[in-house]
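Hello,

Please load it first, then read the notes below.

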Amino acid sequence: QVQLQESGPDLVKPSQTLSLTCTVSGASITTNNNAWNWIRQPPGKGLEWMGYIRYDGSTSSSPSLKSHTSISRDTSKNQFSLQLSSVTPEDTAVYYCARWSDYSYKDWGQGIQVTVSS
C-alpha cells in the first residue's frame, strides 16, 4: 500500500517562501509511469492542481502558478517537495500530495493546513 505524508510549516508570513515535503512509503518515486502531484484547496473553494514531478524527474506546473512554483525530489529519501515563493494570504489552503498513475489519482496524503498571515 502506498502512503504519502505531507510535512512543513503551518504558518508562513506574506512574501516568504512556503516549503512542503511529501514522504512516500510503499513505492519508489522513481517507479515507472507514476507522477507525484501537489494539489491544494483554499477555504471554501475546490481543488487546484499545482504541479507534479514524474518518475523520470521531469516536472510540470500550473500556468497560473508556474512563475513562483518549484517541485523537486530527493530519491535517496523517497521524498518530493514543493516550494511556493512570494506567498500571499490567497495561498492559504490545505495542501495535498498525491500519486497519479493509469489516468487517475491513486493515493493521497492526509493534507496539511497552511496559513499565510503576518
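Val87 is buried, at 2% relative accessibility. Please note that this is a predicted model. Val87 sits in the loop between strand 8 and strand 9. Beyond its neighbours within four places in sequence, Val87 contacts Val12, Lys13, Pro14, Ser15, Gln16, Leu18 and Val116. Tyr105 is 18 residues from Val87 in sequence, and the two C-alpha atoms are 27 Å apart in space.

**Nonpolar core**

In soluble globular proteins, nonpolar side chains tend to be buried together. The largest nonpolar core here has 24 residues. Trp38, Phe80 and Tyr95 have the most contacts inside that core. Two or more residues come from each of strand 3 (18–25), strand 4, strand 5 (48–54), strand 8, strand 9 (93–101) and strand 11 (112–116). Strand 3 gives the most, with four residues.

**Aromatic pairs**

The count comes to six aromatic pairs. One is Trp36 with Phe80: the ring centres are 5.9 Å apart and the planes are at 50 degrees, so the pair is tilted. Trp36 lies in strand 4 (residues 35–41) and Phe80 in strand 8 (residues 79–84), so this pair ties together parts that are 44 residues apart in sequence. Trp36 is buried, at 0% relative accessible area. Phe80 is buried too, at 0% relative accessibility.

Now take Trp100 and Tyr105. Their ring centres are 4.9 Å apart and their planes are at 80 degrees; the angle is over 60, so the pair is edge-to-face. Trp100 is partly exposed, at 31%. Tyr105 is partly exposed, at 30%. Trp100 and Tyr105 also belong to one aromatic cluster with Tyr96 and Trp108.

**Nonpolar surface patch**

Which residues make the nonpolar surface patch of about 570 Å²? They are Leu47, Trp100, Tyr103, Tyr105 and Trp108. Leu47 is placed in the loop between strand 4 and strand 5. Leu47 is exposed, with a relative accessible area of 51%.

**Salt bridges**

Side chains of opposite charge can pair when their charged atoms come close. The count here is four salt bridges.

- Arg40 and Glu48 meet at 2.7 Å, N to O. Arg40 is buried at 5% relative accessibility, whereas Glu48 is partly exposed at 23%.
- Asp56 and Arg54 meet at 3.2 Å, N to O. Asp56 is partly exposed at 43%, and Arg54 is partly exposed at 28%.
- Asp107 and Arg99 meet at 2.8 Å, N to O. Asp107 and Arg99 are buried.

There is also a network: salt bridges with shared partners join Arg40, Glu48 and Asp91.

**Ser61**

Is Ser61 buried or exposed? Ser61 is at 16% relative accessibility; the cut-off for buried is under 20%, so Ser61 counts as buried. Ser61 is in strand 6 (residues 59–61). Leaving out residues up to four places away in sequence, Ser61 touches Trp49, Met50, Gly51, Lys66 and Thr69.

Best wishes

Terms used: Residues numbered from 1 in each chain as written. Predicted model: local features only at pLDDT ≥ 70, side-chain atom pairs only at ≥ 80, totals over all residues. Heavy atoms only, no water. Phe/Tyr/Trp six-rings, centres within 6.5 Å; stacked < 30°, edge-to-face > 60°. Buried < 20%, exposed > 50% of the residue type's maximum accessible area, 1.4 Å probe, protein only. Core = buried A, V, L, I, M, F, W, Y, C linked by side-chain atoms within 4.5 Å. Contact = heavy atoms within 4.5 Å. Patch = residues over 30% accessible without salt bridge, like charges linked within 9 Å, V, L, I, M, F, W, Y side chains within 5 Å. Areas by Shrake-Rupley, 256 points an atom, 1.4 Å probe, with all protein chains shown as cover. Salt bridge = Lys/Arg side-chain N within 4 Å of Asp/Glu carboxyl O.
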